[in-house]
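Colleague: I have a model open and would like to learn how to read it. Could you take me through it feature by feature?

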Amino acid sequence: LARNPKLNWKDVLTGLAKLPKLAELDLSEDEITELPEEIGSLASLQELNISMNKLRILPDAIGKMKQLKKIYLYNNLLPKEENEKIKNLLPNCAVLF
């Protein structure tokens with residue numbers, strides 16, 4: 001998806017949020033540099049793979065994803081402080097770095 005330079009992640013995630021049964025989302029290896037706040041609107045998501053991107057920070061809205069059981073963050077550019085913030089925002093989720 002991200003190899004399309006005109007792709008607007010805000011619009012994509014807003015559209016995906018309209019899928020009430022969406023349980024898993026794999027956005028790995030998409031060269032994503034940032035996620036919009038709309039990621040938090042994916043309320044039914046249980047597993048999110050955003051590994052192998054270029055993320056340095058995640059929006060606080062990720063904490064709204066109360067159904068999330070696993071989030072894959074391998075091979076991003078997240079600093080240690082951001083890792084701790086993510087764990088605090090998602091206390092009931094397996095955060096895999």
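Modeller: We go from the whole chain to one helix, and then to the charged pairs. Keep in mind that this is a predicted model.

Colleague: Which elements does the chain contain, and in what pattern along the sequence?

Modeller: Count the elements, then read their order. The chain has two helices and four strands. Along the sequence they follow the pattern α-β-β-β-α-β.

Colleague: How does the radius of gyration fit a compact globule?

Modeller: For 97 residues, a compact globule would have a radius of gyration near 13 Å. The chain has 12 Å, which agrees. As for extent, the C-alpha trace spans about 30 × 25 × 20 Å along its principal axes.

Colleague: What share of the residues is buried?

Modeller: Buried means under 20% relative accessible area. Of the 97 residues, 41% are buried. The surface is a separate matter. The chain exposes about 5,900 Å², and carbon and sulfur atoms supply 50% of that.

Colleague: And what share of the contacts joins residues 24 or more positions apart?

Modeller: Take the contacts with a separation of 6 or more. Residues 24 or more positions apart account for 35% of them.

Colleague: What happens at the start of H1?

Modeller: Look at Asn8. A side-chain oxygen of Asn8 reaches to within 2.9 Å of the backbone nitrogen of Lys10.

Colleague: On to charges. How many salt bridges are there in the whole structure?

Modeller: The general idea comes first. Side chains of opposite charge can pair when their charged atoms come close. A search of the whole structure finds four salt bridges. One of them joins the side chains of Glu38 and Lys10, at 3.9 Å from N to O. This pair links distant parts of the chain, 28 residues apart. Lys10 is in helix H1, while Glu38 is in the loop between E1 and strand E2 (47-49).

Colleague: Are those two partners buried or exposed, or in between?

Modeller: Check each one's relative accessibility. Glu38 has 21%, so it counts as partly exposed. Lys10 has 44% and also counts as partly exposed.

Colleague: Which salt bridge joins Glu82, and where do its partners lie?

Modeller: The side chains of Glu82 and Lys85 meet in a salt bridge, 3.0 Å from N to O. Both residues lie in helix H2, residues 80-89. They are three residues apart, about one turn of the helix. Glu82 counts as buried because its relative accessibility is 7%. Lys85, at 23%, is partly exposed.

Colleague: What about Lys87 and Glu84?

Modeller: Their side chains also meet in a salt bridge, 3.8 Å from N to O. Lys87 and Glu84 are three residues apart in helix H2, so about one helical turn separates them. Lys87 is partly exposed, with a relative accessible area of 38%. Glu84 counts as partly exposed, at 38% relative accessibility.

Conventions: Residues are numbered from 1 along each chain as its sequence is written. This is a predicted model: local features need pLDDT of at least 70, side-chain atom pairs count only at pLDDT 80 or more; totals for chains, interfaces and linings use all residues. Side-chain values use heavy atoms; hydrogens and water are left out. A polar contact is a pair of N or O atoms within 3.5 Å; within protein, one must be able to donate a hydrogen and the other to accept it, and residues adjacent in sequence count only if both atoms are side-chain atoms. Buried means under 20% relative accessible area, exposed over 50%, partly exposed in between (1.4 Å probe, protein chains only). The radius of gyration is taken over C-alpha atoms; the globule rule is 2.2 Å times the number of residues to the power 0.38. Contact means heavy atoms within 4.5 Å. Accessible areas come from the Shrake-Rupley method with a 1.4 Å probe; for residues, only the protein chains shown count as cover.
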